[in-house]
Every structure is written in structure tokens, then in C-alpha cells.
Amino acid sequence: MSDKLPTKLIETVECKQGAVRAVRFNTDGNYCLTCGSDKSVKLWNPHRALLLKVYSGHGYEVLDAASSCDNSQFTSCGGDKSVILWDVSTGQTTRKFRGHIGRVNCVKFNEESTVILSGSIDSTVRIWDCRSRRLEPVQVLDEAKDSISAIAVSDHEILTGSVDGKVRRYDLRAGQLSVDCIAKPVTSVTFTKDGQCTLASSLDSTIRLLDKDSGELLGEYAGHQNSEYKIDSCLTESDTHIVSGSEDGRICFWDLVEGTMVEKVSKAGSGAVHSVTFHPTESCMLYTL
């Protein structure tokens, strides 16, 4: 299986945004967004290394972005405490949501792209209605005791990772909250595509696979370095492998079932590889240094 993993570097793009804080494929994988410390978001065709548009509107560095389900809009967040909804084609800001009292680390749309979820250093997740003109969030999730570092969303669930060492899953249909204790600060969370498991990275250089309903630990994946920074992990397009950046400049791949590291890109960069995004349907990934 490892020969199908994207370990060969095809293209390097100089984004000219200062430090690139995150890179995210759009919903169909044809385009990507890069978030810069120069306060900009850039839209690219990564398959042709082509810059398509620059979006300026944040007052401080941009830390995360996410595309809507039809790719007509995207949302971004950053150090200016704001969450912005953008029109992709015009480059204009559609809405600017304010309410967090600190840096906003992560943003996600729900599946229908009708609401935006934002996680902040203020320990809250705020849920914003894209269709309403109201300025206040429709809901605030304030159970975390420290900074929210990551969010994942399914059709009826919200998964959050926090520096308090907890992974929280909100089941909106049942009105229930489940909490899994990782004990170390959580830096990345995601659902598996079958919706049965969750994946969580933490600052003990370990990625854990948990049964979503029981919380049972199904697997641990180690061998990378992650003790200081927020490092992304994700699943490949087929859900067969786990991918993660590393603080020593590597990208590591593990077999999901076996738990063994099956491949690595040893010289992905000279510094930490902190943001990794995988194409939704193809064996292709992007990463930032």
C-alpha cells in the first residue's frame, strides 16, 4: 500500500505571505487556500502552482480557513479575534463575526455551510449563522478549560480538541456531550470517513485513534516529533493511512490498522511541518513549512 502514498515532491510554491500558518484544500480538491502571517489569504490552483486571488481584510495574521460545500465562499480566522466570511469570486467580505475575546485558532463550516464554527484561545467554540444578519453567535460551547486548538464537524456532531487535554464530542441530535481525556494538549482532531472513530494528535508526540461511541483506544501512532507546536494530522483519501507533520521536518505515514509507520518524507523541510491537507479523492497532499 505504501507505494500509493504521495511521498514524491511535485511542486514547491513560494507563497510570499510571510509565515504560512495553514494550507487547506477546498471541498473538491481543485483549489487550495493558504493563510499568511501577512494578514492575507490566497487562493491557488496547486496542481498548476497558479495564484488566482488574494483576500485582504484581517487585521492580524490568519491562522485557518475553510471552504464552503459549493466552493463559492470560504471562512477564515486569526489573531485579530475575528471570523470572516468571504465571497470567493468577488474577493469581498460577506460577513465579519466578532465575539471571541482572544485569537481564533480554527474554523469549520457545517456540512450544508449554513453555519461557521470557530475555536479560540478564549476556550470557547462559537457557532455563527451565515444566513442571518444577527451579530451574536447562535450558540457558545464553553466547556473547555483552555484554548480550543482544533474542530471537526460531521452531519450532526462537533468534535473539538483543547489544550486542556480533552477531546469533546457534541452530539447535536441526542443533545449529549462525550469527553475523552488525552491528558496532553490536543493539537488536531478529525473524524474517520466512516464516522465510527476519531483521530487526535497531542503534544506527547502521539496520535490516538478512538472509538467514537465508547471512547476505547483503538490505536496509537508514534515516531514523529510533536511536543511544542500545533501539528496537523489527517487521514488519506481512502482512510487507510494516517498522515502527520513533524517538528523535525518530516512527514510521516502510518497504516491505520497495523499502527506501524510505513513511509516518511525525511526532508520535507528544514523546520517544523505544521500544516498538512489531503486531497478528498486522490492520493495527493499539500503541506506548509
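**Close-up views of a predicted model**

**View 1. Open sheet E5-E6-E7-E8.** Four strands make up an open sheet, ordered E5-E6-E7-E8, with antiparallel pairing. Strands (E) are DSSP runs of at least two residues, numbered from the N terminus, and two strands pair if DSSP finds at least two bridges between them. Strand E5 (62-67) and strand E8 (93-98) are at the edges with a single partner strand each, so one side of each has no neighbour in the sheet. On average, neighbouring strands here are turned by 20° against each other, direction ignored; the axes behind this angle are lines fitted to C-alpha atoms, and angles run from 0 to 180 degrees between N-to-C directions.

The model is predicted: local features need pLDDT of at least 70, side-chain atom pairs count only at pLDDT 80 or more, and totals for chains, interfaces and linings use all residues. Residues are numbered from 1 along each chain as its sequence is written, and side-chain values use heavy atoms, with hydrogens and water left out.

**View 2. Strands E6 and E7.** Strand E6 (residues 73-78) runs antiparallel to strand E7 (residues 82-87), and 5 bridges join them. Thr 75 has Leu 85 in E7 as its bridge partner.

**View 3. Hairpin of E15 and E16.** Strand E15 (residues 166-171) pairs with strand E16 (residues 176-181) over 6 bridges in the antiparallel sense. Opposite Val 167 is Asp 180 in E16. The hairpin has 4 residues between its strands, and Gly 175 in the turn has a positive phi of about 70°.

View 4. Asn 226 lies in the loop between strand E20 (217-222) and strand E21 (233-235). Asn 226 counts as buried because its relative accessibility is 1%; buried means under 20% relative accessible area (1.4 Å probe, protein chains only). Beyond neighbours within four places in sequence, its contacts include Thr 187, Asp 204 and Glu 247, where contact means heavy atoms within 4.5 Å.

How values were computed: Buried means under 20% relative accessible area, exposed over 50%, partly exposed in between (1.4 Å probe, protein chains only).
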